[in-house]
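I opened the notebook to work through this model one feature at a time. Entries follow in the order I looked things up.

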Amino acid sequence: MTSSSGAGIVITSAAPSTVEDTEVVDVASSAAVIGEDGALTLRRVAVRTPGGNGICVNGRGRCVLERGTITEAVKPAIVVEQQGRFQAAELEVRDGANVDLYLTGGISVEITDSRFSGAAGQAAHIAEGAQPVLRGCTFAAARCGVQVTGRAAPRLIGCTVEDSALGIVVDAEAAPVFEGTSVRGSTEAIARLSSAATTRLSGFRATAESGSGVLLAGTGEAVFDDVSIEIGSTAALESTESARAVLTDARITASAEAAVVLGGGRAELTSALLRGGGLRADGEVALTDSEIVDAVADGLLVTDGGAVTAARCRIRAAGGHGVHVTAGGGAELDACEVVDSARDGAHLDTAEPVSVRGCVVKGSGGVAVHRPENDARIAVHDLVTDPAAGGAPEPEVPRAEPQPEQADSLRGYSGADLSGPLADLDELIGLTGVKQEVRGLINLIRMSQVRQEKGLPMPPISRHLVFAGPPGTGKTTVARLYGAVLGELGILSQGHMIEASRADLVGQYIGSTAIKTTELVNKAIGGVLFIDEAYTLTAQTGGVGPDFGQEAVDTLMKMMEDHRDELVVIVAGYSELMQRFLESNPGVASRFTRTIEFPNYSVEELVTITSNLCRKHYYELTDDAVEELTNYFTRVPKGETFGNGRVARKLFEEMISLQASRLAMSPPARDSDLSRLTAQDITPQTAQLEQLPAGSDEPDAADDPRSALGATRTWRRLAELSGLDGPRNAIGAALVGLCERRNQRRALGGHGNAVLIGARGSGRTELARLYAQGLAELDLVPVGQLVRVALGEDLSPQWPGQAESLVRKAVEDARGGVLVVDADAAEEAEPEEAEALLAALRGDTADLVVLLTGTRSAVDAVFARVPKLRECFALRWEVGTYSAADLAAIAVRYLRERGHEVPDEVCAAVRDHLARSAEPTAHAAHLFSRHLARTAASRTLTVADLAGLAPRAEPVRAGLTSVG
């Protein structure tokens, strides 16, 4: 089709029109104009060198475009304005002389899986009040990839901007949302965010070898969540004027002196990692749970007008000062760590207030803390430094008033004034019998040394110990201090402690156990090997199949004999189970002849532990709070699995959470109220004890795992899922089996690892989340967090050998919970990622469960590359195909949860509608129901509300029904 004097196609009629398999070439004006009430569907249409727009939709026009191309348009290739509607899939626009995509309005604009490249201006220009959804699109080789201005609020999902001078530009009062968007190859700037715009970026990835990073200016706000930026010699993020930046879970790499420059406005960084460059604060900055590593200059630089509040942060290996506060700057550092700085750990050269509290500053090339001559406004408390650290003298840490010596004190019995680890041991709360046992053993060792000096024979002494008792009673702490004391006495050359459990000693195949045990013992030589839950090593713990625990015990016994003067072994666990452990093997009993019992803490001791936690974090308890604490610990059940100190720590965390909620509802009249805990902050926890008294009917996973599972929120949520009967029952059986294994005192090992197969959008993500939640609710994992990584993306190495580090980092992040590895993007990957995952799963995964998810072909491809990886997954679940009834149930539930009334005839219409869907997945059903909920005219749905709604599938590959 050609036209030398006007447009190629003009549609203004509401009657549906369709153009298929057509070329529109060399038209003098626009190739297609859809205006007034026009409706046009274009399929496989190619537009070349139009004198105007490629496609223009205005008025109330509606256009659907499938698999089209537009090349060398003189004016914007795609234009949607006024009240137009535009839907496109698999569109390619290239080499335009103007703008590829120009959106200034439109009631509904959705573009998926399309590419815009080579524009002389912007690849996408979104202005005025446009609110398009762009999904899976690529914007390339343009002057600017994506520009958002006016009051536009687009949503870009899984899009890519590449090889453009400017990646993203946002200004005016725009409010775009970028989800899973990537920018790479920009030459001027990754992004420019200015004026009063509010920009939200989640899952954002950006790399650039030249040009600037993200530039934030004006009075707007940029919110980053899960962001990764890698850049060359400029700052990755720079804010000026009054702009506000909020970053959560950010990973930033740059070779500039400052990887992040924050000035003017306010910035908040949480869980951020800055590598290669430091952080420069010219404005107000709050830094929490973050790390600055290998900065080429100062790690944290606070300049004139800057004010930084940092809590629980680490600054490591800075090329200059770890923390540098210049004249006019202020800082507040709380519980931070500054190590291995090339110059001073903290260089404070300001007359403004600076507070350093509870920090560790070690390994500095200069002094630990440098202060100005007039340091009246600088306060340093509870600073931990190297023993020989230089610098100005620090204020002495205040100590409590001397108290009368208690009967459980080591003072006066150890033969010398207490200092070092002995003093630390003496300061532990309670543990009277433990201190007496340790005191007697230490005195026996000292006297043996005196006898040896006098030429008398040394009596036989077994320094190996059994620590028996419930959890949370300080067994690990005492073991560490015991090793340190033996190190000071010269009995052990180092006095360090190596912690281990069954997973650290026992291998998964014949011959590996002896190797692992030997390697671990060699690390502990010169110190203490502490084995927690040692009873899990003996065959008497039960189980079927090969159990190499006894091999670990045999190897350990031999190593203890070979290194009897160089090693101390302490085994720990519940009293009854440790007694069975000793009876399991005569060699074990002969080497562990001394058992120290750790009893439950008394009520008074638990109150003291909680009070100390409050003081450590600068809280104070009112008198009624102390009384309520006593009431709580008096009433709480104290069985053999009672957590003691762990219960105290958990209660403290609940107290400060309840206080925060109380103060949020009723703001404090005085600042001191922020640090005061009252009985109101404890009584809700005591009330829970009243609801669950000892002997209640609440099922216990230790006695009845099946009933315990049925009482969990996890199972209630699983029971609500439609079309997932098979996976639901399999997950339930797995959780019950893991509880039974735990109840038999058998380590979970890799028995919780599973392969979850299903199509994209089939509900794999929800099933993985609920499995992790179930593991946590049944106390099968200590934390229960969920960490997701993609095998072919997050774990894909940039150079040989990197995969091991990437996998190790993912495993450490997920430790205590569940690691979900997505195999979908790994079908073309090299074997290195899978091999690194195999090595990690064969290592220490005692407190980790791993889920491998993906389509069947993707998972099979991974196992084909590394067959042995299959052995690491004991469980395999598969999500089948949803029926139309299942999809309808999902959609109807979504609608009813949002307040809609859905009559039976509408339910039937929904089922018929979804039966024709090209993508029979839960994701597609949710998309359909969301769209229906947005377009419905009233609370009560009618069959007419479904009219004109095409079965939704992303991307559309089989064509759309006519729009009319």
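**Entry 1: a five-stranded sheet.** I traced an open sheet with the strand order β47-β48-β49-β46-β50. Its pairing is parallel. I note here that the model is a predicted one. At the edges I found β47 (497-500) and β50. Each has a single partner strand, so one side of each lacks a neighbour in the sheet. From one strand to the next, the twist averages 20°.

I then looked at one pair inside this sheet. Strand β48 (residues 528-532) runs parallel to β49, and five bridges join them. I checked V528 and found V568 as its bridge partner in β49. Helix α2 (residues 432-453) packs on the sheet and touches β46 and β50. The direction of α2 makes about 150° with that of β50.

**Entry 2: helix α7.** Which residues of α7 (residues 575-583) are buried? I listed L577, M578, F581 and L582. These residues cover an arc of only 145° around the axis, which puts them on the same side of α7. Next I asked what covers them. The cover includes strands β46 (465-468), β49 (568-573) and β50 (594-597). It also includes helices α6 (549-562) and α8 (586-591).

**Entry 3: a second sheet.** Five strands form another open sheet, in the order β54-β55-β56-β53-β57. Here too I read parallel pairing. I noted an average twist of 20° from one strand to the next.

For a closer look I took β53 (residues 754-757) and β56 (residues 849-854). They pair in the parallel sense over four bridges. L756 stands opposite T853 in β56. I also followed helix α17 (residues 802-814), which lies across β54 and β55 (818-822). This helix runs at about 140° to β55.

**Entry 4: cysteines.** How many disulfides does the structure hold? I counted zero. C359 is in no disulfide, and the nearest cysteine sulfur, that of C336, is 4.8 Å away. The cut-off for a disulfide is sulfur atoms within 2.5 Å. I looked up burial as well. C359 counts as buried because its relative accessibility is 3%. C907 is also buried, with a relative accessible area of 16%. The limit I applied for buried is under 20%.

**Entry 5: positive phi.** Most residues other than glycine have a negative phi, so I searched for exceptions. E241 has a positive phi of about 55° and is not a glycine. I placed E241 in the loop between β27 (237-239) and β28 (244-253). Is E241 buried or exposed? At 52% relative accessibility, E241 counts as exposed.

A335 also turned up. Its phi is positive, near 55°, and A335 is not a glycine. I found A335 in the loop between β38 (330-334) and β39 (337-339). A335 is partly exposed, with a relative accessible area of 38%.

**Entry 6: the whole chain.** I ended with totals. The chain has 22 helices and 57 strands. Of its 964 residues, 51% count as buried. I took contacts between residues at least 6 apart in sequence, and 50% of these join residues at least 24 apart. The accessible surface of the chain comes to about 42,400 Å². Carbon and sulfur atoms account for 48% of that surface.

Definitions and conventions. Residues are numbered from 1 along each chain as its sequence is written. This is a predicted model: local features need pLDDT of at least 70, side-chain atom pairs count only at pLDDT 80 or more; totals for chains, interfaces and linings use all residues. Side-chain values use heavy atoms; hydrogens and water are left out. Buried means under 20% relative accessible area, exposed over 50%, partly exposed in between (1.4 Å probe, protein chains only). Helices (H or I, at least four residues) and strands (E, at least two) are DSSP runs, numbered from the N terminus. The arc is that of the directions from the helix axis to the C-beta atoms. Contact means heavy atoms within 4.5 Å. Two strands pair if DSSP finds at least two bridges between them. Axes are lines fitted to C-alpha atoms, for helices over the stretch in contact, and angles run from 0 to 180 degrees between N-to-C directions. Accessible areas come from the Shrake-Rupley method with a 1.4 Å probe; for residues, only the protein chains shown count as cover.
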